[in-house]
Amino acid sequence: MTIIDPLAAPLFADVAGDIDMSFEFFPPKTEKMEETLWESVETLRPLGPRFVSVTYGAGGSTRERTHNTVARIARETAIPAAAHLTCVEATREEIDQVAHEYWAAGVRHIVALRGDPPRAGEKYRTHPGGYENAADLVAGLRRLHPFEISVAAYPECHPDSPNQAADLDNLKRKIDAGATRAITQFFFEPETFLRFRDDAAKAGIDAEIVPGIMPVMSFASVVRMAGMCGTQVPGWMERLFEGLDEHPAARQLVAATLAAELCRKLYAGGVRQFHFYTLNRAELSYAICHLLGVRPKVAALAAA
């Protein structure tokens, strides 16, 4: 029988709020989705994120919407805005032009990605005249402007990489090309990230590696996304979300609890930076940050 110390510190009492967080959004497709996005930005803004990023659809399918969303964040808020940019379906000149437009709009941070094939199931191919991969894109962006550049990292190995060593070599090439930091694909167990962080350090990667945290909005959607990017979904998660499809409020409580506990364990492992995949919904990420000790900042509340 397990003995629990009744005098032990309460859950999250040891988390001091001394963390940096960032949030990821995707460009809205409809007027209603745009309204939800901006409500989320307004909700999370007082927490003082160090940046928010906006994703870029497969094959550049959201290029204009991504640009408009990022430019508006840069124009109307004090939050540093980061734009995703991929190598897919575009020449170097076309990608360089997009980067120049971001710089002109006041955007100083790019999340540089190879990107996924525009059609599901296809093998990735470099576009004729395009950047070969993310490392090549980082080097290209470095030649254009002094951007802050984030890149992707895969704690459970990118599906296109033959093994973890090759994947770490690829990450090192991106950092060596001039990337500022790496943000990981989502994962669900703390050991996954902590082991990857140690392996990256052994591989000579000394840049900041930020864990990507995915609060579960829909378990079925997470399983689908995990299958596409090679993320393992633990069996215990299915058991915890079972029967909650018709109870969205209860599902949110479970999702926030699990993600916050993951962050608490990472915090205990020395992690002080977190990147939240919001799916354009603020409440889960806000609740998790609150449990981690983050409170609204007066300066952020007063920001334009």
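Two strands count as paired here if DSSP finds at least two bridges between them. Keep that in mind for the views below, which come from a predicted model.

**View A. Strand 1 beside strand 2.** Strand 1 (residues 20–25) and strand 2 (residues 51–54) run parallel and are joined by four bridges, so the pair clears the cut-off of at least two. Look for Phe23: its bridge partner in strand 2 is Val52.

View B. Eight strands form a closed barrel in the order 1-2-3-4-5-6-7-8, with parallel pairing. Going from one strand to the next, the twist averages 30°.

View C. Helix 2 (residues 63–76) touches strand 2 and strand 3 (81–86). The directions of helix 2 and strand 3 make an angle of about 160°. Helix 9 also packs on the sheet, this time touching strand 7 (208–213) and strand 8 (273–277). Its direction makes about 160° with that of strand 7.

**View D. The largest nonpolar core.** This core has 66 residues, and Phe23, Leu141, Val151, Ile213 and Phe276 touch the most other members. Helix 9 (residues 248–268) supplies the largest share, six residues. Apart from this core lies another one of 23 residues, including Val111, Met214, Phe219 and Val222.

**View E. Zooming in on Ile213.** Which residues does Ile213 touch, leaving aside those up to four places away in sequence? The contacts are Phe187, Ala259, Leu262, Cys263, Leu266, Phe274, His275, Phe276 and Tyr277.

Conventions. Residues numbered from 1 in each chain as written. Predicted model: local features only at pLDDT ≥ 70, side-chain atom pairs only at ≥ 80, totals over all residues. Heavy atoms only, no water. Core = buried A, V, L, I, M, F, W, Y, C linked by side-chain atoms within 4.5 Å. Buried < 20%, exposed > 50% of the residue type's maximum accessible area, 1.4 Å probe, protein only. Helix = DSSP H or I, 4+ residues; strand = E, 2+ residues; numbered from the N terminus. Contact = heavy atoms within 4.5 Å. Axes fitted to C-alpha atoms, helices over the stretch in contact; angles between N-to-C directions.
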